[in-house]
Amino acid sequence: MWLTRPFNERSTRRFLGVLLGALVLVTVLHVAVPQGHPLHINAYTVNLFGKYLSYALLAVAVDLVWGYLGILSLGHGAFFALGGYAMGMYLMRQIGDRGVYGHPELPDFMVFLDWQSLPWYWAGFDMAWFAFPMVLLAPGALALVFGFLAFRSRVTGVYLSIITQALTFALMLAFFRNEMGFGGNNGLTDFREILGFNLRSDATRLGLFIASGVALALGYVLCRAIVGSKLGRVCVATRDAEARTRFLGYRVERVQLFVFVVSAMLAGLAGALYVPQVGIINPSEFSPLFSIEIVLWVALGGRATLYGAVIGAILVNYAKTVFTGVMPDAWLFALGGLFVLVTVLLPRGVAGLLAYRVQGRRRQHDEGTTGKEVSA
Amino acid sequence: MSNVPRPRPVEARCGAASGPVRRALLLLLLCLLMLPMGAQAQGEREAEAIALLEALDVRAYADKAHAIEAIVGNGDPRARDWLQALLDGRLQRTEAGRFVVVLDNRGRDWPVADALTGEPLGEISRRDLERLGINNALRNQLRSAIAVVDLHSPDLDQRRASAERLLGEVDAELAAPLAAVIEAETDSGVRRRLVQALAVYRLEQGEVAAVADLEGSLHPRVRVALSRAAGGDDPALAAAAGSALNAIEQLLKVNRAVETLYFGLSLGSVLVLAAIGLAITFGVMGVINMAHGELIMLGAYTTWAMQQLLPGQPGLALLLAIPAGFLVAALAGVAIERGVIQFLKGRPLETLLATFGISLILQQLVRTVISPLNRSVVTPEWMSGSIAINDALSLTLNRLYVLGFALLVFAALMLIMRRSRLGLEVRAVTQNRAMARAMGIRATRVDILTFALGSGVAGLAGVALSQLTNVGPNLGQNYIIDSFMVVVLGGVGNLWGTLVAGLSLGVINQVLEPWAGAVLAKIIVLVLIILFIQKRPRGLFPQQGRAAEG
């Protein structure tokens with residue numbers, strides 16, 4: 001079965017092992033080691049790790065389309081944010097009448113804007129069975145429509161990148177508007193509980209951290225399964241020689257559309273896991289800068305490896321946490337420098353370095369599937 | 001301050017006799033002062049002027065009204081200043097009986113100037129000054145008197161300004177002299193305005209014939225008067241005013257359309273300026289330069305730096321900033337090309353990422369070195385203000401200059417690309433690099449020069465933008481996406497396409513804005529572009545032939 005094949009791969013087993021080990025380790029150090037002990041991991045750090053894991057899932061989603069399909073999406077932040085908004089709407093409805101204005105149905109910002117009733121698109125978001133699928137369906141629908149239009153008319157390469165950037169830019173402008181009914185530039189915040197668990201308790205945070213880890217594992221296996229399947233071979237073929245693949249009789253646009261939608265859904269899932277952990281979703285997640293930053297994570301980690309994307313996301317975000325804490329001004333210098341250095345000096349990323357070392361030690365060739373000839 | 005004149009202790013004590021005596025004394029004093037000059041005629045004029053002012057210093061307002069008329073009739077060149085000072089309550093009298101104009105009535109001691117000679121007399125305690133009081137009726141009279149005085153002024157600008165002020169302010173008192181002024185007026189513009197001013201008054205009096213004089217005027221006052229008349233009781237007048245009003249509304253619609261077009265073209269010219277450099281680096285060379293916006297920002301900051309270097313001469317600084325901005329941005333562009341882009345040849349997506357990193361570094365550099373806040377760039381005098389086409393439409397000068405500048409830059413670039421050796425080589429390298437090199441063209445040198453040219457044009461865009469928007473670290477970021485849209489929409493590698501796409505995007509934006517709002521208009525435009533690119537993936541004017549494959 002195609003879905004179980006990834007478990008036969010060495011790299012997948014190793015990745016899952018490391019991820020599982022990290023999850024168990026953090027949980028044990030958080031729960032079992034007493035506070036004050038040097039090895040204790042506090043709730044804040046657990047929360048931070050959870051955030052990194054949801055970013056890592058987002059990076060995997062981007063790597064799927066960029067690394068294996070050759071589509072550089074500069075708008076994946078939009079899918080991430082849409083998933084986040086879907087989750088945010090659910091969390092918003094869970095507040096109920098405990099908001100500042102105490103309205104039984106309307107969120108605070110709507111009461112503030114003097115709205116009388118919920119807009120139609122908020123209907124149903126008070127129920128988890130409706131809201132949670134929307135986390136996948138909303139970004140998926142946008143990707144389906146956008147991808148259908150783009151791939152059908154064979155918009156590829158740089159053009160597609162710029163259009164995806166325009167897409168997320170337009171959405172950012174739209175979500176900044178109060179009239180949209182998503183809280184304007186304040187976004188959605190002040191969440192209380194998820195599925196009945198208090199969002200501010202340490203146990204819930206640990207739960208969300210574990211959920212992010214599990215989602216990352218599932219997402220990784222899914223991507224690995226796609227990549228390893230026949231479909232994945234067509235993807236790589238499309239990436240390397242689109243016209244030739246088309247002439248061989250493959251419906252390239254369908255392949256592109258399918259993988260693009262899957263990737264958008266994964267990004268939406270990442271957003272939905274991210275929002276309860278940071279406690280806010282606002283239009284800045286739609287900003288082109290964020291979307292292009294995601295691409296940097298993937299580039300730094302190494303394209304077309306999937307585990308490289310995870311490494312890149314965690315590395316960059318850890319650096320960001322450190323830098324913005326120590327010297328906030330230097331962060332953009334460091335980020336900008338990373339962009340330049342990675343693209344010029346490290347085209348295969350950290351994963352490329354690792355593979356090189358492994359190669360050197362074993363004196364044998366790589367599997368060959370992990371994109372040695374990655375071209376734009 | 002109240003209008004009621006305070007009791008005059010001096011006069012009350014000395015009785016009626018004191019006035020003439022004092023006047024005579026003053027006259028004598030003045031004559032004595034004038035004697036050394038030996039100018040008999042001037043002395044007479046001064047005596048007359050003092051007599052005119054003396055006549056103002058009476059208690060009865062009716063007498064003051066006569067005195068004002070006398071001043072207007074006299075035609076003294078200083079009459080306007082006196083009337084204005086009287087209107088403002090600044091025409092006052094010292095204890096010694098001298099007429100002075102208060103220059104500044106704050107604090108305890110007021111600086112004053114002699115009302116006759118205009119020479120400053122230092123500061124005088126407010127207690128020693130006596131104000132010449134006026135009431136509301138006099139105030140109205142003074143206003144029209146000043147207007148009439150201005151209408152007689154030999155200075156055309158003053159007459160024009162006065163005529164502007166009169167529109168809608170004409171009353172019965174002014175109507176009679178106004179007719180005479182109209183007869184005497186030589187300038188047709190002032191005359192038309194005066195006729196309109198009088199016609200508004202006549203319209204208010206119910207005169208149907210007055211409507212004819214108001215037809216086609218776009219002045220809001222005229223429209224107010226006409227719509228009032230259209231709603232009036234007199235059916236003939238109402239009908240005439242109504243039809244005149246309709247015609248004016250039609251004209252206004254045309255005007256509004258022209259205004260929208262102007263603003264659209266102005267916005268479009270900014271887009272063209274921002275995008276045209278990109279059209280060269282991206283369109284012709286195929287290099288995605290995400291730092292293009294920051295090169296624009298560098299140009300804008302060069303303008304600011306120039307103005308800091310040449311304080312007090314914003315115009316000169318701006319003119320010098322044009323070559324300086326070009327050079328700074330071009331050098332930065334060359335540095336980017338040599339430092340990064342040359343290593344990423346043939347990998348457009350990596351180029352995109354690397355140049356994006358450079359844009360972040362440049363932004364942060366400006367924030368750290370200069371300031372995260374916006375810098376203010378002064379608009380020189382010859383660029384501020386506006387040209388009034390008619391009463392409802394005026395075109396702001398700075399936008400007009402930028403529009404002209406954009407077209408100029410475009411024309412220059414067209415010339416370079418089509419007529420110069422460099423343009424030829426650039427096109428050759430673009431179409432077939434290997435073949436061009438085989439023909440002896442140094443492709444690397446062409447790359448550098450092309451990139452310098454495109455970057456320099458971005459610097460020029462920055463110089464122009466500094467006159468329209470805030471100069472800050474985010475300046476470039478705001479234009480980069482729009483610029484790419486313009487280039488993609490116009491068709492990559494086609495400068496004409498960039499011009500057409502930029503200008504039409506600007507106009508579409510402005511047309512959408514009134515009913516959709518600025519943000520929504522922008523969103524709609526972006527969505528339209530996305531849809532448009534589905535239809536024509538290679539833009540408005542796609543490249544044909546072999547160069548298109550790639």
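## The sheet of chain B

In chain B, strand 1 (residues 91-94) and strand 2 (residues 99-102) pair in the antiparallel sense, over three bridges. Strands here are DSSP runs (E, at least two residues) and helices are DSSP runs (H or I, at least four residues), numbered from the N terminus; two strands pair if DSSP finds at least two bridges between them. This is a predicted model, in which local features need pLDDT of at least 70 and side-chain atom pairs count only at pLDDT 80 or more, while totals for chains, interfaces and linings use all residues. Residues are numbered from 1 along each chain as its sequence is written, and chains are lettered from A and ligands numbered from 1 in the order in which they are written.

Within this pair, B:L91 stands opposite B:V101 of strand 2 of chain B. The hairpin of strand 1 and strand 2 of chain B has four residues between the strands, and B:G97 in this hairpin takes a positive phi near 90°. Strand 1 of chain B also pairs with strand 5 (residues 129-131) of chain B, again in the antiparallel sense over three bridges. There, B:Q92 stands opposite B:R131 of strand 5 of chain B.

Five strands of chain B form an open sheet in the order 4-3-2-1-5, with antiparallel pairing. Strand 4 (120-125) and strand 5 of chain B stand at the edges with a single partner strand each, so one side of each is left without a neighbour in the sheet. From one strand to the next, the twist averages 45°. Strand 3 (residues 109-114) of chain B runs antiparallel to strand 4 of chain B and is joined to strand 4 by four bridges; B:D109 has B:S125 in strand 4 of chain B as its bridge partner.

## Two packed helices in chain A

Two packed helices are described by the angle between their axes and the distance between the axes. Helix 5 (residues 128-152) and helix 10 (residues 252-278) of chain A pack at an angle of about 150°, and their axes are 8 Å apart. Helix 5 and helix 10 of chain A are therefore roughly antiparallel to each other (the term covers angles over 145 degrees). Residues of helix 5 of chain A, including A:V135, A:L136 and A:F151, meet residues of helix 10 of chain A, including A:E253, A:L257 and A:A272.

## Nonpolar cores

The largest nonpolar core has 202 residues, and those with the most contacts inside it are A:A59, A:V60, A:A86 and A:V295. Such a core is a set of buried Ala, Val, Leu, Ile, Met, Phe, Trp, Tyr and Cys residues joined through C-beta atoms within 7 Å. Apart from it lies another core, of 55 residues, among them B:A67, B:I146, B:V190 and B:Y201.

B:L194 lies in helix 9 (residues 188-204) of chain B. B:L194 is buried, with 23 other C-beta atoms within 10 Å (a residue is buried if 20 or more lie within that distance of its own, with C-beta atoms placed from the backbone). Leaving aside neighbours within four places in sequence, B:L194 is in contact with residues including B:A163, B:L166 and B:I182; contact requires C-beta atoms, placed from the backbone, within 7 Å.

## The contact between the chains

The contact takes 39 residues from chain A and 33 residues from chain B. Helix 5, helix 6 (157-176), helix 11 (288-301) and helix 13 (330-345) of chain A each supply at least two residues of the side of chain A that touches chain B. Helix 6 of chain A gives the most to that side, with 14 residues.

Technical notes: A residue is buried if 20 or more other C-beta atoms lie within 10 Å of its own, exposed if 12 or fewer, and partly exposed in between; C-beta atoms are placed from the backbone. Axes are lines fitted to C-alpha atoms, for helices over the stretch in contact, and angles run from 0 to 180 degrees between N-to-C directions. Angles under 35 degrees count as roughly parallel, over 145 as roughly antiparallel, 65 to 115 as roughly perpendicular and the rest as oblique. Two residues are in contact if their C-beta atoms, placed from the backbone, lie within 7 Å.
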